[in-house]
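Let's learn to read a protein model together, one feature at a time. Have a look at it first, and then we will talk.

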Amino acid sequence: MRISEVRTHHLRAELEEPFRFSQFTYTAREAMLVEVRTDEGITGWGEAYGPAVLSSAAVEKFFAPMLLGRDPRDVEAIWAYLYARSVDYGQKGVMLAGISAIDIALWDIKAQATGQPLYRLLGGEQTETIECYATGFYFTDSEPLEDRFEKEAKRYLADGFRAMKVKVGLGPERDAELIRHVREVIGPGATPDDGRQPRLHPHRGAALARRVEDCDIGWFEEPVSAIDPEAYCELKARTAIPLAGGECEYTRFGFDRWFRLRALDYCQPDLCSCGGITEGLKIATLASLTGVHVTPHAWGSAVGQAAALHFYAARPRQPFTLTPERKLIECDRSENPFRTAIVREPVAFAGGRWTLPQTPGLGIEVRPECFEAYRT
């Protein structure tokens, strides 16, 4: 089997209602998908996280010519070659996102060629569903945030979610008010998480943590600078709330420092940018040395969603306990047509849980004919 063609697809959809969080305002959702075709008729799909126009150029202009004629099943060898070829100027960022998209597509092909769902090829045990937490609670100007957050929380509870991520970044006092409001709505049986703080100094992160420590918070996500593990350590010393982060980090080489410092309790690599499935498994293995729970960030299209789900079902468990760990994976509930409109059937969701696809590969059927309405 040989790679015969590599194509990129840059898609964009304007949002019906723009939304924001502590760092950015979104008026549209974008996706950059990579399609890898083979001479035996098997096609694999991958996704790159981040600026789509840049990762598309990295794949199309730089990486694609290196792939033609290679056996797509040589996933590890291809990853090592692409990384070595770009390491002088691409250790992090859009070059790694391009490699990630290619890697996911190659694993999709390899699993299809063996007739197995990807998570089974990766060594995961037979699994039917995995529990999700709802990502939402973005800021808008259409109605008071208390009203909006209450409606969202009730909707997520009705959908079966028992955990949900609440956006913060409006200042410790205002953030605490909103978190407490959500806690009152969802009751004691569900878990709120704090998400996407505006990279505070540790003392300001601690100020918010102190205000909500009695709310049984699941984790505090990216409370300080995403490139400063020492700041995480400083905040960890000031709060009992577990800290989460890592969606802005890349490869095992980047995560190694975080694990050595014990800076994270929950590690959230994005498979569409950290290096793909190949590197995600290495990151998870490193995390197991220090007891860090790895649950992937998943904010993209149906392709990235499926990749995160297969990875999470197969990633190494903690080796020092027989007690099953609670697995909890991100389920973005914000507006994004690329989760549904470009596939024949999206990843099945019911009762707050994702169902593992049992068909070969990623288990989703991408429909390129639906791309035309979204091409840039």
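**Reading helices, rings and buried residues**

Q: Which residues in α5 meet which residues in α6?

A: Contact means heavy atoms within 4.5 Å. Here Leu 145, Glu 146, Phe 149, Glu 150, Ala 153, Lys 154 and Leu 157 of α5 meet Arg 174, Leu 178, His 181, Val 182, Val 185 and Ile 186 of α6. The residues of this contact divide into eight nonpolar, one polar and four charged (Ala, Val, Leu, Ile, Met, Phe, Trp, Tyr, Cys and Pro count as nonpolar, Asp, Glu, Lys and Arg as charged, and the others, Gly among them, as polar).

Q: Before we go on, what kind of model is this?

A: This is a predicted model, where local features need pLDDT of at least 70, side-chain atom pairs count only at pLDDT 80 or more, and totals for chains, interfaces and linings use all residues. Residues are numbered from 1 along each chain as its sequence is written, and side-chain values use heavy atoms, with hydrogens and water left out.

Q: At what angle do the axes of α5 and α6 cross?

A: Helices (H or I, at least four residues) and strands (E, at least two) are DSSP runs, numbered from the N terminus. Axes are lines fitted to C-alpha atoms, for helices over the stretch in contact, and angles run from 0 to 180 degrees between N-to-C directions. The axes of α5 (residues 145-158) and α6 (residues 172-186) cross at roughly 35 degrees and come within 9 Å.

Q: How do α6 and α7 pack?

A: Their axes are 9 Å apart, at an angle of about 30 degrees, and α6 passes α7 in a right-handed crossing.

Q: What describes a pair of aromatic rings?

A: The distance of the centres and the angle of the planes describe it. Rings of Phe, Tyr and Trp (its six-membered ring) pair if their centres lie within 6.5 Å; planes under 30 degrees apart count as stacked, over 60 as edge-to-face and the rest as tilted. The whole structure has 24 aromatic pairs. In one of them, the ring centres of Tyr 26 and Trp 299 are 5.1 Å apart and the planes are at 55 degrees, so the pair is tilted. Tyr 26 is in strand β2 and Trp 299 in the loop between β10 and α11, 273 residues apart. Ring pairs also link both into a cluster with Phe 19, Phe 21, Phe 24 and Tyr 138.

Q: Is Trp 299 buried or exposed?

A: Buried means under 20% relative accessible area, exposed over 50%, partly exposed in between (1.4 Å probe, protein chains only). Trp 299 has 10%, so Trp 299 is buried.

Q: Why is the pair of Tyr 133 and Trp 219 called edge-to-face?

A: Their planes are at 90 degrees, so the pair is edge-to-face, with the centres 5.3 Å apart. Both Tyr 133 and Trp 219 are buried.

Q: Which residue lies over the face of Tyr 138?

A: A charge sits over a ring if NZ of Lys or CZ of Arg is within 6 Å of the ring centre and within 35 degrees of the ring normal. Lys 167 lies over Tyr 138, at 4.4 Å from the ring centre, and Arg 70 lies over Tyr 81, at 5.7 Å.

Q: Where is Pro 269 placed?

A: Pro 269 is in the loop between β9 and α10. Pro 269 counts as buried, at 0% relative accessibility.

Terms used
Left-handed = near helix turned anticlockwise from the far one by under 90°.
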